[in-house]
Amino acid sequence: MIGKSPSQHQKDLFKPLLKEFINLRHELALLGDKIDWKYFEDEFADFYSNTGKPSMPIRLMVGSLMLKRIYNL
């Protein structure tokens, strides 16, 4: 089952939103806005089952692989 990212619209006193404390002009933040994440979700959706525990969100997995590749890790 494909995992979903939690909604980031409701404020929580003890969990500030990521966009409140990162530099939105940083190169990786700008890159994240330019990537068509829906494309990756559509391409990888066939590899997921409709039953069972939800997985990690596809955006998290693809983003992690991109960071690994960008920084040659």
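K38 and D42 are four residues apart in helix α2, so about one helical turn separates them. Helices here are DSSP runs of H or I with at least four residues, strands are E runs of at least two, and both are numbered from the N terminus. K38 and D42 form a salt bridge, with the closest N and O atoms 3.2 Å apart. The term means a side-chain nitrogen of Lys or Arg within 4 Å of a carboxyl oxygen of Asp or Glu. The structure holds one such bridge. D42 itself is partly exposed, at 44% relative accessible area. For that scale, buried is under 20%, exposed is over 50%, and partly exposed is in between (1.4 Å probe, protein chains only).

A word on the model: it is predicted, so local features need pLDDT of at least 70 and side-chain atom pairs count only at pLDDT 80 or more, while totals for chains, interfaces and linings use all residues. Residues are numbered from 1 along each chain as its sequence is written, and side-chain values use heavy atoms, with hydrogens and water left out.

**Overall layout**

The chain has three helices and zero strands, and reads α-α-α along the sequence. Of its 73 residues, 15% count as buried. The accessible surface comes to about 6,800 Å², with 59% of that belonging to carbon and sulfur atoms; areas come from the Shrake-Rupley method with a 1.4 Å probe, and for residues only the protein chains shown count as cover. Take the contacts (heavy atoms within 4.5 Å) with a separation of 6 or more: residues 24 or more positions apart account for 66% of them.

**Aromatic rings**

The structure holds four aromatic pairs. Rings of Phe, Tyr and Trp (its six-membered ring) pair if their centres lie within 6.5 Å; planes under 30 degrees apart are stacked, over 60 edge-to-face, and the rest tilted.

| Pair | Type | Centre to centre | Angle between planes |
|---|---|---|---|
| F40 and F44 | stacked | 6.4 Å | 10° |
| F44 and F47 | tilted | 6.5 Å | 45° |

F40 and F44 are also four residues apart in α2, so about one helical turn lies between them. F44 is partly exposed at 33%, whereas F47 is exposed at 68% relative accessible area. Ring pairs link W37, Y39, F40, F44 and F47 into a cluster.

**Core and surface**

F40 and W37 turn up again in the largest nonpolar core, whose five residues are I35, W37, F40, I58 and V62. Helices α2 (37–44) and α3 are the elements giving two or more residues to this core. A core is a set of buried Ala, Val, Leu, Ile, Met, Phe, Trp, Tyr and Cys residues joined through side-chain atoms within 4.5 Å. Leaving aside residues up to four places away in sequence, I58 touches I2, F40, E41, F44, A45 and Y48.

T51 lies in the loop between α2 and α3 and is exposed, at 58%.

I70 belongs to helix α3 (residues 58–70) and is partly exposed, at 46%.
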